[in-house]
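My notes follow, in the order I checked them.

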There are 2 protein chains.
Amino acid sequence: MNKTLDPADWAAFSALAHRMVDDVIGHLSTLRDQPAWRPMPDSVRTALTAPLPETPQGETAAYEDFLQQVLPYPNGNLGPRFWGWVQGNGTPLGMMADMLASALNPHMAGFNQAPALVELQVLDWLAELMQMPKGTSGILTSGGTVANLLGLAVARHANAGFNVRELGLQGHEHPLLTVYCSTEAHGWARRAMEVLGLGNAALRRIGVDDQFRIRVDELRDGIARDRRDGHRPICVIATAGTVNTGAIDDLPAIADLCRDEDVWFHVDGAFGALAMLSPKLRPRVAGIERADSLAFDLHKWGYLPFEVGCALVRDAEAHRATFELQGNYISALDRGVIAGGLPLAERGLELTRGFKALKVWMSLKAYGAGALAELIEQNVEQAEYLARRIEDDPDLELVAPLALNVVCFRHRGNDELNREILMRLQEEGVAVPSQTLIGGRFAIRVAITNHRSRLEDFDLLLDAVKRCAT
Amino acid sequence: MNKTLDPADWAAFSALAHRMVDDVIGHLSTLRDQPAWRPMPDSVRTALTAPLPETPQGETAAYEDFLQQVLPYPNGNLGPRFWGWVQGNGTPLGMMADMLASALNPHMAGFNQAPALVELQVLDWLAELMQMPKGTSGILTSGGTVANLLGLAVARHANAGFNVRELGLQGHEHPLLTVYCSTEAHGWARRAMEVLGLGNAALRRIGVDDQFRIRVDELRDGIARDRRDGHRPICVIATAGTVNTGAIDDLPAIADLCRDEDVWFHVDGAFGALAMLSPKLRPRVAGIERADSLAFDLHKWGYLPFEVGCALVRDAEAHRATFELQGNYISALDRGVIAGGLPLAERGLELTRGFKALKVWMSLKAYGAGALAELIEQNVEQAEYLARRIEDDPDLELVAPLALNVVCFRHRGNDELNREILMRLQEEGVAVPSQTLIGGRFAIRVAITNHRSRLEDFDLLLDAVKRCAT
């Protein structure tokens with residue numbers, strides 16, 4: 001009579017849930033014995049094109065399919081020798097916090113509920129860790145791209161010089177709104193310019209110095225030139241930790257320039273911002289606390305599982321003004337479930353949002369900010385160790401200076417050899433670095449945001465590189 | 001020496017994880033005995049402003065804080081008598097799938113991995129359920145707002161008449177790009193216009209008929225008027241299930257109009273699209289399969305936990321062309337972990353994405369699409385039952401026709417009385433409907449996307465309404 005998706009037999013479901021926990025804990029506690037990555041067999045590819053299930057196969061059979069077809073074949077970022085792109089490992093506590101978040105399943109637009117206060121508390125903590133002032137606004141996001149896009153959206157709203165929400169960028173006369181970043185900035189900048197209707201052509205890409213940092217003099221000249229041409233510079237995007245080499249722009253100089261020019265100072269600190277947690281590393285990213293808006297991820301160098309990024313905005317009123325809501329059905333009352341309104345839906349794109357905050361909250365409580373700082377320092381020390389070993393090896397060369405935790409190197413052989421080395425490292429399941437181009441040459445790139453790596457893993461990497469080269 | 005966020009004692013962590021599973025299953029299996037919502041005591045509000053944890057308190061203590069401060073005080077959407085706004089309950093299997101997704105923690109931009117194939121398979125299944133053609137493209141999103149925004153972004157790209165990615169909407173001559181929706185469309189439409197730089201002023205709000213459906217004749221006139229004025233109509237937003245009353249626009253008529261006018265046909269089917277799963281309800285939303293782009297949520301009427309929405313785009317090439325990536329460090333190779341590239345990052349905003357697909361995949365396998373259809377039908381029958389009981393009661397009145405699963409009603413007393421009734425229902429923990437304004441009058445709104453509701457729950461609601469009114 002009354003149908004539901006709750007289990008008909010709670011005890012049986014509970015047994016299955018406990019089995020799942022045992023299986024994944026077994027998996028996570030033995031990662032070191034597993035290959036860094038394994039290619040999928042054709043049988044799995046075929047299974048994953050099976051037709052739409054019309055009839056039920058039951059929870060246990062669905063789980064068996066997961067065990068057979070999915071668990072053995074992810075991209076590998078759980079493991080101790082995964083250093084590809086920039087991906088965190090996730091943590092066992094983060095995993096269980098995600099389960100608790102999904103169990104409680106609160107609607108995180110706001111509402112008169114504890115989960116909303118948890119997110120606000122986490123945002124305050126994160127602002128404090130970034131040494132931004134009390135009263136800084138923020139929002140947790142799917143990741144860096146959206147966090148960065150939100151920063152740029154607030155900059156556009158605050159600095160357009162007209163009501164950009166109402167009028168948009170079309171159908172009325174206004175100076176071209178221009179934005180600045182370096183040639184090493186991440187692809188999100190282009191995507192955000194496109195999505196926001198500013199257009200890629202209004203993104204001024206400024207050259208970099210030999211340490212891959214934006215040339216501040218060229219940036220100043222670029223802004224002046226655009227002003228002379230009647231354009232309106234609205235925002236500079238600085239990067240704390242570029243994706244290619246980990247380079248950190250001269251943040252204090254850019255902050256000064258933005259102040260003098262009355263231009264929004266946005267910092268993309270996707271992974272690099274986390275260096276703020278360490279007193280030892282903080283000087284490298286100093287100036288970040290002067291950002292008008294700052295984006296970073298907790299699922300990269302915060303080690304937490306996907307997804308959780310963060311945007312912080314110094315001017316809370318500008319943040320809210322950019323995304324303030326209207327609508328009869330969401331108007332706040334002063335009592336009941338919606339008392340206090342939906343403040344978290346007035347800080348970003350989403351109205352419906354999940355409880356990403358819980359894993360941040362539980363992790364900071366369980367481990368303390370200090371433990372994260374020590375792990376971040378450990379990764380930087382590992383990068384320094386790896387760079388030293390490469391410098392000491394006559395067959396290998398560093399192709400970019402080490403700024404933080406990204407090591408770009410190559411064998412002194414040609415590009416083809418280096419590409420083959422990288423493929424074999426992955427295909428043999430030894431390690432997963434990724435690739436990039438530095439000065440037009442193929443480079444093996446080791447981005448270390450991994451809490452499972454040990455020093456010996458980098459020895460193993462270099463031994464395998466040398467072996468594959470012969 | 002080697003620090004990590006893995007547990008020092010796996011057995012102890014495993015015991016804690018099992019305790020968490022027992023606790024949440026205990027919580028979920030006794031929801032019927034719990035209040036529909038409870039206000040937070042001041043002690044909890046105070047605890048949730050505690051300072052940043054610098055030092056570790058351990059995993060167990062962090063969990064105790066969750067049990068004390070968070071678990072008892074969500075916004076209430078788990079329970080059988082929550083019908084506020086439009087929120088799903090989540091499911092126990094969805095919860096465990098979220099844990100498995102977080103355990104595996106794959107980076108869902110693409111990559112040569114099974115999780116990416118799971119998402120592609122789920123997208124094919126969802127396109128089939130929506131009766132859209134083979135080859136339809138899609139992407140899972142945080143929810144309806146972003147899914148809808150993506151549809152509008154593709155429409156903008158496909159129909160602007162110039163290279164909107166490169167040029168943006170500024171700095172060059174072009175006709176005003178205009179978009180159309182009804183006055184009952186959801187607030188996402190305004191937000192998307194603003195974010196995309198089109199501007200709220202270019203969103204034409206067309207009036208509705210007495211069933212709250214867009215007036216197609218006025219829509220046709222509006223498009224013609226804009227063309228006469230030199231503007232360029234690019235997209236019509238139709239709604240399958242408005243947020244206020246559940247009204248369904250005349251989709252076939254709008255599809256015809258869009259075809260004749262060469263305008264993009266976008267459908268916001270946030271919850272209503274799910275009626276496509278039921279042969280009985282499908283005629284009400286017929287025409288949805290003709291959409292150029294369609295947005296809907298699995299975390300509303302798909303009952304799954306937050307977050308999982310979906311955007312489907314008929315023209316796969318237009319979809320990819322809108323979000324195609326560039327960047328040295330992500331260029332695909334033909335072997336190894338990145339073979340096949342990052343197709344899922346070329347369909348939406350994010351580069352880093354979580355494994356939202358797993359809960360959809362496991363749920364469809366475990367229960368079959370048929371079980372979802374039966375639950376959706378059950379919710380519609382419950383809405384019909386509630387509407388009948390209201391019509392039969394001389395003290396109560398329906399304030400909008402019942403189109404699907406949203407019942408808007410009021411006591412025949414004044415607005416103040418109705419507001420007081422709603423507050424007491426929530427504060428006493430009886431039930432959580434929400435409010436809206438219909439024709440300027442306060443209405444109690446019951447949106448039924450709840451797999452835990454039984455017929456008796458609606459009796460209980462009306463009994464409490466009558467009691468509170470006296």
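This is a predicted model: local features need pLDDT of at least 70, side-chain atom pairs count only at pLDDT 80 or more; totals for chains, interfaces and linings use all residues.

Residues are numbered from 1 along each chain as its sequence is written, chains are lettered from A and ligands numbered from 1 in the order in which they are written, and side-chain values use heavy atoms, with hydrogens and water left out.

**Gln121(B)**

I found Gln121(B) in helix α5 of chain B, residues 114-129. (Helices are DSSP runs of H or I, at least four residues, and strands are runs of E, at least two, numbered from the N terminus.) Gln121(B) is buried, at 3% relative accessibility. What does its side chain make a polar contact with? I get the side chain of Trp361(B), at 2.7 Å. (A polar contact is a pair of N or O atoms within 3.5 Å; within protein, one must be able to donate a hydrogen and the other to accept it, and residues adjacent in sequence count only if both atoms are side-chain atoms.) Leaving out residues up to four places away in sequence, Gln121(B) also touches residues of chain A, including Leu48(A) and Thr49(A). Contact here means heavy atoms within 4.5 Å.

**How the chains relate**

I laid chain A on chain B: a turn of 180° and a shift of 0.0 Å along the axis give an RMSD of 0.0 Å. That is the relation of a two-fold axis.

**Cysteines**

How many disulfides are there over all chains? I count zero, taking a disulfide as a pair of cysteine sulfur atoms within 2.5 Å. For Cys310(A), the nearest cysteine sulfur is that of Cys235(A), 17 Å away. Cys310(A) is also buried, at 0% relative accessibility.

**Asp393(A)**

I placed Asp393(A) in the loop between α13 (357-391) and β9 (396-398) of chain A. Buried or exposed? Asp393(A) is buried, at 11%. Its side chain makes a polar contact with that of Lys466(A), at 2.8 Å.

**Strands in chain B**

I traced an open sheet of five strands with mixed pairing, in the order β1-β11-β12-β10-β9. Its edge strands are β1 (82-83) and β9 (396-398), each pairing on one side only. Strands pair if DSSP finds at least two bridges between them. Helix α13 (residues 357-391) of chain B packs on this sheet, touching β9, β10 (406-411) and β12. Strands β11 (432-438) and β12 (441-447) run antiparallel, joined by five bridges, and Ser434(B) stands opposite Arg445(B).

Then I looked at β6 (264-268) of chain B, where five of five residues are buried. Trp264(B), His266(B) and Asp268(B) are on one side, Phe265(B) and Val267(B) on the other. Strand β5 (232-239) runs parallel to β6(B), with five bridges, and Val236(B) stands opposite Phe265(B).

How values were computed
Buried means under 20% relative accessible area, exposed over 50%, partly exposed in between (1.4 Å probe, protein chains only). Copies are superposed by least squares on the C-alpha atoms of residues with pLDDT of at least 70 in both. Axes are lines fitted to C-alpha atoms, for helices over the stretch in contact, and angles run from 0 to 180 degrees between N-to-C directions.
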